[in-house]
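Hi,

Here is the model I promised to pass on.

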Amino acid sequence: MSEVPPTRMNQQVFKGKLKAAKGGHKLLKKKADALKAKFRDYAKAIAETKASMSSDASGAFFSLTQAEYAAGNFKQKVAEGSMSARVRVGAGVQNVAGVKLPVFSTYDSGAAVDNHSLGLVGGGKKIVAVREKFTVLLNKLIKLASLQTSFVTLDEAMKVTNRRVNALENVTIPKIEDVLRYISRELDELEREDFTRLKLVQEKKEIEMAAAAKQKAAENAAAAKAGKTIARNTDKDITAAFDATDDEDVVF
């Protein structure tokens, strides 16, 4: 704090900094609360999705076993067909309190399906059921991937926001308040010093004025006394000592 000059200008500057820090702390606190609420929602959604995925996965693989039993081993026929994906994954962004969270979604690529002949001999309904159940499982997997990715991103954003809130609350704001208290103490001390200095100057000035008045009174008294003596010595007529005839140039 010693490197901060205790001036009125610095006091106003640090008051502005304190106001900005408190405003930023308030906004970051609201952001942290919003992220925390969204974090809890994501955690709940992940738990529910994982709980439902276990039954969906077991049902999908059980239906695959049933289809293989009814239609035989059709994996080779699927592998011989076109391997272009009919379902693709797209990525988007969701803004939550200024944090961009990745969101995954599925869309149909429009690829042609060339395995319609599967199940013509037998087990067609089972193969259709397998396709539907694995489609549901795929959507659940993509949803879970989206939730977990957003969950991790949200967790990192929460940590950064909480660190900033703690830094403002425990470091920045107390430091600015300490600087303001230091400046206030120094300014008060300077004001007391100025008051004492002015008081001493005023007292000295009053003493000098009293001494000057006393000296002037003494001079006036001496002048008055000298004036009376001169008046007593000059009571006679001083023109009687002069003769007008002594100066020819003087005309009366």
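Predicted model: local features only at pLDDT ≥ 70, side-chain atom pairs only at ≥ 80, totals over all residues.

Residues are numbered from 1 along each chain as its sequence is written, and side-chain values use heavy atoms, with hydrogens and water left out.

The structure holds six salt bridges (a side-chain nitrogen of Lys or Arg within 4 Å of a carboxyl oxygen of Asp or Glu). Here are some of them.

Arg-8 pairs with Glu-191, with 2.5 Å between the closest N and O atoms. This one joins distant parts of the chain: Arg-8 sits in helix 1 (residues 8-71) and Glu-191 in helix 3 (residues 124-233), 183 residues apart. Helices here are DSSP runs of H or I, at least four residues, numbered from the N terminus. Arg-8 is partly exposed at 47% relative accessible area, and Glu-191 is partly exposed at 42% (buried is under 20%, exposed over 50%, partly exposed in between, with a 1.4 Å probe and protein chains only).

Within helix 3, Asp-155 and Lys-159 are four residues apart, about one helical turn. Their closest N and O atoms are 3.6 Å apart in the salt bridge. Asp-155 is partly exposed at 24%, as is Lys-159 at 41%.

Arg-181 and Asp-178, three residues apart in helix 3, are also separated by about one helical turn. Their salt bridge has its closest N and O atoms at 2.2 Å. Arg-181 is partly exposed at 44%, and Asp-178 is partly exposed at 32%.

Cheers

How values were computed
Helix = DSSP H or I, 4+ residues; strand = E, 2+ residues; numbered from the N terminus.
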